[in-house]
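Thanks for asking me to look this one over. Here are my notes as numbered points, to be read with the structure open beside them.

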Amino acid sequence: MSFDWMKIPYSLLTLFIVVNYGFLLNALIQKIGARVGRRHGIPIWQNYVDMIKNYGLRSSITHGVMFYLGPVFRLSGGVGLLLFVPTIYGSYMFSNLSFAGDLILALYFVFFGTLGMALGAGESGHPHAAIGITRGLSQMTAAELPFGLAVFSVALQYQTLSVTEIVAAQQGGILNWTLFTNPLAVTAAMLGFLGSMMRPPFDVVLAPQEIPIGPPTEYHSSYLALMQTNRAIFPVAKIVIYMNLFFGGADDWLTFCFKVFLIYLWSAFVGVVFPRFRVEQSIRWFLVWAVPLGVLSIVVV
Amino acid sequence: MAMKPELMKRMVKGPDGLEFEVEPLRDYYCEAPPTVMPAAYIKIVEDLFNWARAESIWILGFGTGCGAIEMRPLMTPRFDAYRYGVQWRPTPRQANLFIISGYLSTKTLKRAIRAYEQMQNPKYVIGLGSCTINGGMYWDSYNTIKRLDDYLPVDLYIAGCMPRPEALLSGFMDLKKLIRAGKGEGANKYVENFDWYKANQKRVIHDWDMPDYNW
Amino acid sequence: MTTLTIMRELHTRLKALFPVGELTEQRPALGFVTVPKEHLRTTLMHLRVKEGFTHLVLLTAVDWLEEGQFQLTYLLSNRPLAIDLGLRVMLPRDAATMESIHDVWPTAATYQRELREMFGIDFPGSPRLHEEFILEGWKDIPPYRRDFDTLKYANESYSQRPGRETHDPATHMKQQLYPNGR
């Protein structure tokens, strides 16, 4: 098997576009949330400034090797998720490093960052970090369960584990999307999606008002800047998977931006309407409402 | 100097049955003394960083006095400090600006010093209200300090009892100018005059039960 | 029956049982009586069990320096009738000691801890009595005693910023409003 070296600069270009789009999108969503509260919110470029400042801090301290590796794992989780899934369907430049079984790898990368973070935050030795990690992992697991079930359902439906082929099967009109051919799976996955976007009602893990800010309590300076970069990449990368699996993928960057924005807006919309759940409430909510839908979608398929 | 028993050097029996010695003040903290952190070598880089620091002020959300109530309205639609890049962080590690919001009793001063020392260089301190300037209405109190700048390097004072949120916003604008002009070097000033600050702090905090520098 | 008559009847009943003093009527729903030190506990128990005063609102002290006495005030509340009754106990100021009531109202332990620290009144047997409550590393005499000179202590302990002025509010405002002395 020969490796196509041109894929590497093209993938980096994808990464570059997605990082910038992610920064702007995060700020935009934050601004939308602020407008709902009748505020103006942060300037749209605020996330860039925050990142420059955090990279520019003069001192930083460490708690050990895993403390260094935590943000690195987190970032590689986001980047890996993005790079092994085709971003733009049918484009040689932006199909990245996708291959036949990439769906399984993507599922793995979704969890990879959180686990790395757990090890890093655990080494920081701060009790709040440990509590935050426990909460985060339990909620993540409960939220990933319906998504995992929906993915199995979709894989069964199209008889493939390749994201590219799943997108290909959805082409030719809006009614071919998984959204309409398998609505149960999409509903289950979209409910699970709420839990992994760190917006209310499922943001108890990272909310500054709760156990101070959860896992990243001890993270600062460049560590925090790395994690901020990941917070720009990861949501977009995750939404790309959703878009590819359920909403027919994207043919060009315009469709891509539009669809990603709409899917992100779904979590923001729910977030501004509903108050925050406690962890045990959110886990119960996922198990009662989302998981049965996922199971049902597999049974129906 | 009376130490709390949990801070004493002692033998601890672990869950695996092994006995080992624990000395909290040495084991739980980093011993390295603070150092002066130089600015970036190239001026234009430092200017860029200073601009970013000025436009992204993260406040440590630690209410030390009644002035903490003046910070809440800043998050609300009426004042909305987020417009100016001012945000609140719940942990000292991520914050750049420490607002001493009113009087500091000696008991709070101890916590404030610990929080300040855990912040990362460069860091700024704003003294909010008369109490931080000269004691304010607590000028004859048995338990509150009168001059904040004896204990922490203060970049800016906002006078008033209490100042309105508008005064705070204008204070943020002034702080931005200071930072952009490269004058926000409080952290280095603290390190350079470390002995003087420590002597002042230890004169009022009688039960000093922490290391000299809390990383 | 008005609140005042309820209070007076209560006082009459109490007087028949315990050597309590006269009733001070602060408001119709708030009265104070003085109780000898050794009868405090039985009076409290009687009020709590028989008269429905189940809530200890506060326990505080007053320093009567000239008389050489501390006054402890136990303020009790009867929620259904909405009346409050304060019991006053006078203690000699030297080596002041009082019986602890933390077994009757657990909250009293915190009040007693504070009184021990701020006034130096001892309550033997009260839990965590000798732990520091508000003052950390305090070395002087308890600061709420009236023979403690707060201003002197503040001037000695904390450096003042020079340039501070104090104005008498009345004369200052007169100066501000009528600068011509009219």
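This is a predicted model: local features need pLDDT of at least 70, side-chain atom pairs count only at pLDDT 80 or more; totals for chains, interfaces and linings use all residues.

1. Strand 6 (residues 124-128) of chain B and strand 7 of chain B run parallel, joined by 3 bridges. Within that pairing, I126(B) has L156(B) of strand 7 of chain B opposite.

2. Where does this pair belong? Chain B has an open sheet of 5 strands with parallel pairing, and their order is 4-3-5-6-7. Its edges are strand 4 and strand 7 (156-158) of chain B, each of which pairs on one side only. If you ignore direction, neighbouring strands in this sheet are turned against each other by 30° on average.

3. Strand 4 of chain B pairs with strand 3 (residues 57-60) of chain B in the parallel sense, over 4 bridges. There, W88(B) in strand 4 of chain B stands opposite I59(B). Are the faces of strand 4 (residues 86-89) of chain B covered or open? Both are covered: V86(B) and W88(B) are buried on one side, and Q87(B) and R89(B) are buried on the other.

4. Helix 6 (residues 165-180) of chain B lies across strand 3, strand 4, strand 6 and strand 7 of chain B. Relative to strand 7 of chain B, helix 6 of chain B runs at about 165°.

5. The chain has 8 helices and 7 strands, and its C-alpha atoms fill a box of roughly 60 × 50 × 35 Å along the principal axes. Of its 215 residues, 44% count as buried. Among contacts in chain B with a separation of 6 or more, 78% are between residues 24 or more positions apart.

6. Now for how the chains meet. There are 2 pairs of chains that touch, and chains A and B have the most contacts. The contact of chain C with chain B takes 16 residues from chain C and 17 residues from chain B. On the chain C side, those residues divide into 7 nonpolar, 5 polar and 4 charged. Chain A and chain C share no contact, and their closest C-alpha atoms are 25 Å apart.

7. Two packed helices are described by the angle between their axes and the distance between the axes. For helix 1 (residues 7-36) of chain A and helix 10 (residues 253-273) of chain A, the axes come within 10 Å and cross at roughly 35°. The crossing is right-handed. From helix 1 of chain A, Y21(A), L25(A), I29(A), I32(A), G33(A) and V36(A) meet residues of helix 10 of chain A that include C257(A), F261(A) and Y264(A). This contact has 10 nonpolar residues, 2 polar and no charged.

8. What about the nonpolar cores? The largest has 120 residues, and A189(A), Y242(A) and L97(B) have the most contacts inside it. Its largest share, 17 residues, comes from helix 9 (residues 221-246) of chain A. Beyond its neighbours within four places in sequence, Y242(A) is in contact with A189(A), F193(A), F247(A) and I263(A). Another core lies apart from it, with 26 residues, among them F70(C), Y74(C), L76(C) and F119(C).

9. Which residues of helix 3 (residues 108-118) of chain C are buried? They are A108(C), Y111(C), Q112(C), R113(C), L115(C), E117(C) and M118(C). Strand 3 (55-64) of chain C is included in what covers them. Just after helix 3 of chain C, G120(C) takes a positive phi of about 75°.

10. H46(C) is 25 residues from Q71(C) along the chain, and their C-alpha atoms are separated by 21 Å.

Methods: Residues are numbered from 1 along each chain as its sequence is written. Chains are lettered from A and ligands numbered from 1 in the order in which they are written. Two residues are in contact if their C-beta atoms, placed from the backbone, lie within 7 Å. Ala, Val, Leu, Ile, Met, Phe, Trp, Tyr, Cys and Pro count as nonpolar, Asp, Glu, Lys and Arg as charged, and the others, Gly among them, as polar. A residue is buried if 20 or more other C-beta atoms lie within 10 Å of its own, exposed if 12 or fewer, and partly exposed in between; C-beta atoms are placed from the backbone. Helices (H or I, at least four residues) and strands (E, at least two) are DSSP runs, numbered from the N terminus. Two strands pair if DSSP finds at least two bridges between them. Axes are lines fitted to C-alpha atoms, for helices over the stretch in contact, and angles run from 0 to 180 degrees between N-to-C directions. A crossing is left-handed if the near helix is turned anticlockwise from the far one by less than a right angle, and right-handed if clockwise. A nonpolar core is a set of buried Ala, Val, Leu, Ile, Met, Phe, Trp, Tyr and Cys residues joined through C-beta atoms within 7 Å.
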